[in-house]
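This report goes through a few local features of one protein chain. The sequence and the structure are shown first.

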Amino acid sequence: MIDFIAHNLAPIMFTTVMLMLLLGYPVAFTLAAGGLIYFAFGVELSAISPEIRLFWPLLQSHPDRIYGIMYNDTLLSIPFFTLMGLILERSRMAEDLLDTIGQLFGPIRGGLAYAVILVGALLGATTGVVAASVMAMGLISLPIMLRYNYNRPLVAGTIAASGTLAQIVPPSLVLIVMADQLGRSVGDMYVGALYPALLIISAYCLYIFVITMIKPQWAPALPLEARTLGGGVTSLFVMLVISVALYFLGHEVLFTGIASPEWRLVSALAFGVFSIYLIALANQKFGLNIISRLAQQVIIVLIPPLALIFLVLGTIFLGIATPTEGGAMGAAGAIIMAAMKGRMSMATMKHALDATTKLSAFVMMILIGARVFGLTFYGINGNVWIEELLTALPGGEYGFLIVVTIIVFILGCFIDFFEIAFIMVPLLAPVADKLGIDLVWFGVILGINLQTSFLTPPFGFSLFYLRSIAPAGKWKDKVTGKTMDGMKTLDIYKGVFPYIIIQFLAIMVVIAFPGLVMRYKGDAPTINPADVQIEVPGFGQGGGMTLPPLGSDGNGAPNFGLPPLGGANGNGAQAPAMGLPPLNLGGPQPAPAPAAPAANPATDLSQPPVIR
């Protein structure tokens, strides 16, 4: 029995810790306790199994491993992006966006659902926090959509799924953690995730479009009396054309003196966008009526968050700022935006800082527990067990990716994405790297999978967030005065099911078409290692890199392709001096070395030289 445990300690440890996590024990303490307990077992069993390489002095490495977490620059961006999201949530940006975009898409069927999806994407690119996105959109959109007779499961599924876009639309906390655990650049991870994120957003909108074609009564258009901003789409289109024209004017005429192409692009974009923003502000302030109310409201509400997105992501993609610097600029920009709207107070700042500190401490504690767990798991050859288990799968890299997708999908039904990222990813990454899988591609696939984990019952966190703010019983609509039925939990589960299917299909598309992610590599030429040939010049076979021989005696002794040393060759003839004067130290010069006998065998390089 003892022999069996000693030789199978890795799977026993892994199964035990996973079981404790599924039972609901705190993650950080479960990982750390499991690591320390099995460390003690491993030390005692190391005499039985040669696979166990644990000894008591190894515990002294923990302080250095924990300190390594503290000065990790990549993780510093987590509190910055969290603070930015919480400030924007408190400034009621989601409320403004939903109201404005809902009015813009109101005349078409499913307009409110499209608005929720697009606002979810915008909130994901600014807040990056699923809880903030789901709860903000649920509190604002849920009563409006139910008021105008939207299908209840469709309403619940759209709000819950759109809120999870914060996990895959850059800058997301999932991608930051993935980049850290996979040892890749956060900027590369953001660029790689951009096209898959746009693919998922488009798939959500396509699903709503199909619903409006098949079941138009499920997603009706906004009635005429609810369109408070009226028409004016033509005016908005004209302002968009003016903005594009001003951009080209700035790029081709006004800012040609800027040497850096990146800064020239930024300057031209800022000139075009802020020009129409100032026009809209002037139209609102002075009542000029040169543009419609709809165009005015869309420009004033949309441009600040879009500018903030560009401040964060644009500077990262253009290489102007690192992700940590981008996060710091985003947090500062969010504070400025909230202050400009008069929605910034000490209470708001205190709440945001408290929540940011709690989340950062939560992440650090899980990382510390994961480091303690990892030291023991690697010491009992757990990584070898995982590698042998996964590399034996049929199908090569695609078989590995499909199986890992299924495993992470199942784990996502029960445990949080932080736990999966800090426990599973360090174990899976070496196997993926050994199979030749690009780790940024692998990270994006896992990121989409972890986004899906927010939707999967029974423990999908997005479902819990929506359940906490959706009315469970009958409620009275303040606008119409009607008493309406509440939202059932079954409606929420039924509504997210189509979106889970869409997420799974998106993962399959990204696996089948890695080019969606590989664009992060840019246009740099790729080199096939199989085509690389290294030619080493031969020794003493003439030429020798076209230089004269070194001490060649003319009888086949090795010369290493170098010129003669000492000014004369072995036969007494003067050798080329390569344009250098003879070495003369002022004293009597030594006589040339006598020529080696003809029968002298080739020099044996394995023996030390003989000094005469």
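Which residues does Phe400 touch, not counting residues up to four places away in sequence? The model is predicted, and in it Phe400 touches Leu390, Leu393, Leu428, Val431, Ala432, Leu435, Ile437 and Phe442. The largest nonpolar core has 169 residues, and Phe400, Phe442 and Tyr499 are those with the most contacts inside it. In soluble globular proteins, nonpolar side chains tend to be buried together.

**Helix 15**

Helix 15 covers residues 323–340. Its 18 residues should span 26 Å at 1.5 Å a residue, and the end C-alpha atoms are 25 Å apart, so the two values agree. Buried residues of this helix include Gly326, Gly327, Gly330, Ala331, Gly333 and Ala334; Pro323, Thr324, Met337 and Ala338 are buried as well. An α-helix has 3.6 residues a turn, so residues three or four places apart point the same way. The packing partners of the buried residues of helix 15 are helix 5 (77–90), helix 6 (93–105), helix 11 (186–214) and helix 14 (293–317). After helix 15 comes Gly342, with a positive phi near 70°.

**Positive phi in loops**

Most residues other than glycine have a negative phi, and most peptide bonds are trans. Asn289 has a positive phi although it is not a glycine, and Asn381 is likewise a residue other than glycine with a positive phi. The table sets out their values.

| Residue | Phi | Relative accessible area | Loop |
|---|---|---|---|
| Asn289 | about 60° | 68% | between helix 13 (261–286) and helix 14 |

Asn289 counts as exposed, because its relative accessibility of 68% is over the 50% cut-off.

What does Asn381 touch, not counting residues up to four places away in sequence? Its contacts on that count are Glu51 and Arg53. With Arg53 there is also a polar contact between the two side chains, at 2.4 Å.

Methods: Residues are numbered from 1 along each chain as its sequence is written. This is a predicted model: local features need pLDDT of at least 70, side-chain atom pairs count only at pLDDT 80 or more; totals for chains, interfaces and linings use all residues. Side-chain values use heavy atoms; hydrogens and water are left out. A polar contact is a pair of N or O atoms within 3.5 Å; within protein, one must be able to donate a hydrogen and the other to accept it, and residues adjacent in sequence count only if both atoms are side-chain atoms. Contact means heavy atoms within 4.5 Å. A nonpolar core is a set of buried Ala, Val, Leu, Ile, Met, Phe, Trp, Tyr and Cys residues joined through side-chain atoms within 4.5 Å. Buried means under 20% relative accessible area, exposed over 50%, partly exposed in between (1.4 Å probe, protein chains only). Helices (H or I, at least four residues) and strands (E, at least two) are DSSP runs, numbered from the N terminus. The expected span of a helix is 1.5 Å times one less than its number of residues.
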